[in-house]
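The exercises below each set a task and then work through it step by step. Keep the sequence and the model open while reading.

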Amino acid sequence: MGQNYDYLKAIAPESSNLIKGLQAVQTREGYVSDASIVAVADYFHTPVVETEGVLSFYAQFKSTRPGRYQICVCDGTACHIKGSPLISEWISTELGITAGETDADGLFSLETVACLGCCSLAPVFSINGKVFGNLDRKTTIRILKEYRNK
Amino acid sequence: MTISDKIRKIKIGMASCGIAAGADGVLAVLKEHADKIPIDQVGCFGHCYCEPVVEIETVDGGSVLYSRVKPAPESIANILALGKAGRFQINPVRQAKELLKVTRLAGVIDPTSYEEYVENGGYAALAKALAMTPAEVVDEVKKSGLRGRGGGGFPTGMKWGFMAAKTAEQKILICNADEGDPGAFMDRSLMESVPHQVLEGMLIAAYATGSTRIFIYCRAEYPLAIKHLYIAIGQIKQHKLNLIAGREIDIVVKEGAGAFVCGEETALIHSLEGKRGTPRFRPPFPTDSGWQGCPTMINNVETFGNIPYLIAEGAASYAAVGTATSKGTKLFALAGDLAHPGLVEVPMGITLREIVFDIGGADPAATKAVQTGGPSGGCIPVEKFDTPVDYDSLKALGAIMGSGGMIVIGKNRCMVETARYFLDFTHRESCGKCTFCRVGTKRMFETLERITAGAGVPEDLDFLAGMGPKVIKASLCGLGQTAPNPVLATLRYYRHEYENHVNNRQCDVLACDKLVDIKLDPAKCVKCRLCIKNCPVDAVSEDFIIDNNKCTRCNTCIEVCPKDAICRVKKGEGFYRE
């Protein structure tokens, strides 16, 4: 089952573009599969083991397929002292998944991230890049329900 | 909808924080109802607590601000009629204490408009610099006393001097926009709001140092900043501003991939080369051998943001602001337990008291400390708030200036837990190259976990105090060299909190989950059953008693209780069902 990696051709095949290549795959597929690692390594002329090394070094890259809605709970300093661990816990309870997991229907996946840079609205999370701020339990649950019913 | 004929222009804050607060919805309604009036989408003007913000410029040159605007037709109707509701005035105390130099145009101009930047004096500094010799520009930066705004505080002019002295075919200039400190958003705000200003600073630097290529290494978590940079770079190329001394300078944006250590310059260079972002031993310093062996100079976004006004106003005028060793203004991202979080720009030498209380509106009675420099910094207790903010005074207190994150910590926060939080971050972000950073921070984190879980012993405190300096000494880069700071600073100022945890198994402020119980006060309870309905683990019984064996301390019941009848109490004071 050969996947098409033609879109990589927009990037010059220099080893300094390796991260850019992996980012392109992730933007496209949502994650970087083992097959993609081999394809990227091949394209940029870097050994597979080195490509895997780069992939595992950076927090941005995922090696499992994410849900349709990716929830990133911010656990930056401001959010943390404003109660982000509670936000994570409420979401976990509501969806039945913990950070790093995708739910059974493939609808939601949950992760905690270091900082979304919206500290003045703490606590915040983002769903597919859209940021929601000043969260409490009620708004958190309401937002999740809205996405579930979309 | 009636629209006041006094309206000349509408401005709406569309930086990340504005959008997160719902500005895009407001914009849509505005566009629908005021299609004949020009609407400017501006960046962030620093008052994040009142987002979404709409500013109305009137025909007589005045301006009216509206805060927390809702995307509802009636609230938009109120604005378009210049109604009284929701009007907002900038606190005059804050206005008097702030000095807007670097952020002068942030939230004032449309970041995607080259013309607006030029109309407001943009690229005049570049023209002025190009009329000088490169050596004169370097000299001007040296005389200004500007120090790197990324945290280290290295004299910028000196760095430029090293770089200018290098003769090589390729010389690389890098803008460090990998703002990884959780709790800091100065660089994001500048790139989103005034991308041209940051780029102008880079072009001046490229001219002064003879650089041939510019990289901007920006975190991928800042999509809007990256978008605005791309737009601005396109406009620069269109107007041929990157044609410097007869040579076309290529400007490339590279997205980081989520590694805190990449803020360190040698790690950043490795990452730019497509490798794992691990730091290396210095020397050679990047100005000797950096990106692919070329002389490379790295400056922070805010440092570049300072350059245009430094050159435009001249070194003498720049150096007139600040203290003996720290010149100019500094941006701080104020967040945490305070009324008015946001981005502030203040002259160096202002006191913490003025920033936190006068500008930030924090309640002096409810404030315990402030954390500067993020996970690399330390906390400064409220008793020391008269300290002037400059590189050296903060260092003397065991904190650092850092890049400018400033988190206000309220009296209800546990300092041991705060230290644990920072170590959790740094031990995970350690790249693993240096043993003391990799293992030392992990052991320190585990010790703090134990203490906050009520399983600590008095010897743990000696371990932390002893291990911290070892990690600092035996680490190659800034991450390890600063990672123990939050622990050492809290141990220094809040040792009693640590002792209460290890000696009495108690958390002073009832924050550590493992050291508290949850209790319902029947006298206040109105039996509304909200707690029973919402408890995720069925810990609240039908007779309104919370079983602390089942309870996970998730706070849901405390949140939903309309009568504040449920609260956290010391461990052992709650009910435990057999």
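**Exercise 1. A strand pair and its sheet**

In which sense do strand β14 (residues 367-372) of chain B and strand β16 (residues 405-410) of chain B pair, and over how many bridges?

Solution. This is a predicted model, in which local features need pLDDT of at least 70, side-chain atom pairs count only at pLDDT 80 or more, and totals for chains, interfaces and linings use all residues. Residues are numbered from 1 along each chain as its sequence is written, while chains are lettered from A and ligands numbered from 1 in the order in which they are written.

Step 1. Strands are DSSP runs of E with at least two residues, helices are runs of H or I with at least four, and both are numbered from the N terminus. Two strands pair if DSSP finds at least two bridges between them.

Step 2. β14 and β16 of chain B pair in the antiparallel sense, over five bridges. One of the pairs can be located by residue: B:A369 has B:I409 in β16(B) as its bridge partner.

**Exercise 2. Two helices of chain A**

Describe how helix α2 (residues 34-44) of chain A packs on helix α3 (residues 48-57) of chain A.

Solution. Step 1. Axes are lines fitted to C-alpha atoms, for helices over the stretch in contact, and angles run from 0 to 180 degrees between N-to-C directions. On this basis the angle between α2(A) and α3(A) is about 115 degrees, and their axes are 9 Å apart.

Step 1. List the residues that meet, where contact requires C-beta atoms, placed from the backbone, within 7 Å. From α2(A) they are A:I37, A:V38, A:V40 and A:A41; from α3(A) they are A:V48, A:T51, A:E52 and A:L55.

Step 2. Sort them by class: Ala, Val, Leu, Ile, Met, Phe, Trp, Tyr, Cys and Pro count as nonpolar, Asp, Glu, Lys and Arg as charged, and the others, Gly among them, as polar. The contact of α2(A) with α3(A) has six nonpolar, one polar and one charged residues.

**Exercise 3. The contact between the chains**

How many residues does each chain give to the contact?

Solution. Step 1. Chain B gives 47 residues and chain A gives 37 residues.

Step 1. Elements of chain B that give two or more residues to the side touching chain A include α1 (16-20), α12 (265-272), β12 (329-336) and α17 (415-429). The residues on that side of chain B divide into 24 nonpolar, 14 polar and nine charged.

**Exercise 4. Helix α12 of chain B**

How many residues of α12(B) are buried?

Solution. Step 1. A residue is buried if 20 or more other C-beta atoms, placed from the backbone, lie within 10 Å of its own, exposed if 12 or fewer, and partly exposed in between.

Step 1. Eight of the eight residues of α12(B) are buried, so this helix is largely enclosed by the rest of the structure. Among them are B:E265 and B:H270.

Step 2. The buried residues of α12(B) pack against α1 (18-29) of chain A together with β6 (172-177), β7 (213-218), β10 (250-255) and β11 of chain B. After α12(B) comes B:G274, with a positive phi near 85 degrees.

Technical notes
Two residues are in contact if their C-beta atoms, placed from the backbone, lie within 7 Å.
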